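Dear colleague,

I am handing over the structure we spoke about, and the notes on what was found in it follow below. Please have the sequence and the coordinates open while you read.

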Amino acid sequence: MVRRPVAWVTAIVLFVEAVGIALVNWFMGVVVDRQDMSLAGLDSDVMSTSSKVAGLLFGLYFALCAFTALRVALRDRAPAGIGRILLISAAVVHALLGAFTVGLVGWGAFAFMMVVLGLIVLIFMTYDRREAAASDAKPDGGPANGGPADSGPPVMPPPPAPSAS
């Protein structure tokens, strides 16, 4: 089955992305801090600190998403509640970041964002299909509607014969 490996790969990719985002923003904060320039009158110390804090928060967000995907892989069950909302929001973030990175960074970054988006969506698709199949069956093994197992579509009676009058 493909469910668990997809969840594992998604967790690993999201964790690597969390570390990468945090490091890139920290690096940008250091670069801004070392140059003594201002942007539209903003203090360079404020820009440096805000870049570092934003990088850490965004990294923690992706790490939490990675932890949710890891829980999905370990439990072999679909995410529920807050975990489901967290992964859906991560899918939306990756779709938006993919759209922005085409113009700013290039097609390689867009492809990476779309791969991560696809992995997150694949988690939902594979686990939802399994749970839907389990909920369709009754506990005694019969179909959900309570009829015979091979009843098929309803059979229409033949039309009445024309009268001879």
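To begin inside the fold, Y61 and F62 are both buried. Please keep in mind throughout that this is a predicted model. Y61 and F62 also form an aromatic pair, with 5.4 Å from centre to centre and 45° between the planes, which is a tilted arrangement. The cluster to which they belong is made of F58, Y61 and F62.

In general, a pair of aromatic rings is described by the distance of the centres and the angle of the planes. With pairing taken as ring centres within 6.5 Å, the count comes to four aromatic pairs. One of them joins F58 and Y61, whose ring centres are 6.2 Å apart and whose planes meet at 10°, so this pair is stacked. F58 and Y61 both belong to helix 2 (residues 44-75), where they are three residues apart, about one turn of the helix. F58 has a relative accessible area of 27% and is therefore partly exposed, whereas Y61 and F62 are buried.

Another ring, that of W26, has a charged neighbour: the charged end of K52 sits over it, 4.8 Å from the ring centre.

Turning to the chain as a whole, the protein has four helices and zero strands, and the pattern read along the sequence is α-α-α-α. Of its 165 residues, 29% count as buried. Among the contacts with a separation of 6 or more, 66% are between residues 24 or more positions apart. The accessible surface comes to about 10900 Å², and 72% of that area belongs to carbon and sulfur atoms.

The C-alpha atoms of V13 and A66 are 7.8 Å apart in space, although the two residues are 53 apart in sequence. When residues up to four places away in sequence are not counted, V13 touches F112, V116 and L119.

Which side chains meet in a salt bridge? A search of the whole structure finds one such bridge, and it is formed by the side chains of R3 and D76, at 3.8 Å from N to O. Because R3 lies in helix 1 and D76 in the loop between helix 2 and helix 3, the pair ties together parts that are 73 residues apart in sequence. Both R3 and D76 are buried; for D76 the relative accessible area is 17%, and since buried means under 20%, that residue falls within the class.

Most residues other than glycine have a negative phi, yet the phi of D76 is near 55°, a positive value in a residue other than glycine. As noted, D76 is found in the loop between helix 2 and helix 3.

Technical notes. Residues are numbered from 1 along each chain as its sequence is written. This is a predicted model: local features need pLDDT of at least 70, side-chain atom pairs count only at pLDDT 80 or more; totals for chains, interfaces and linings use all residues. Side-chain values use heavy atoms; hydrogens and water are left out. Rings of Phe, Tyr and Trp (its six-membered ring) pair if their centres lie within 6.5 Å; planes under 30 degrees apart count as stacked, over 60 as edge-to-face and the rest as tilted. Helices (H or I, at least four residues) and strands (E, at least two) are DSSP runs, numbered from the N terminus. Buried means under 20% relative accessible area, exposed over 50%, partly exposed in between (1.4 Å probe, protein chains only). A charge sits over a ring if NZ of Lys or CZ of Arg is within 6 Å of the ring centre and within 35 degrees of the ring normal. Contact means heavy atoms within 4.5 Å. A salt bridge is a side-chain nitrogen of Lys or Arg within 4 Å of a carboxyl oxygen of Asp or Glu. Accessible areas come from the Shrake-Rupley method with a 1.4 Å probe; for residues, only the protein chains shown count as cover.
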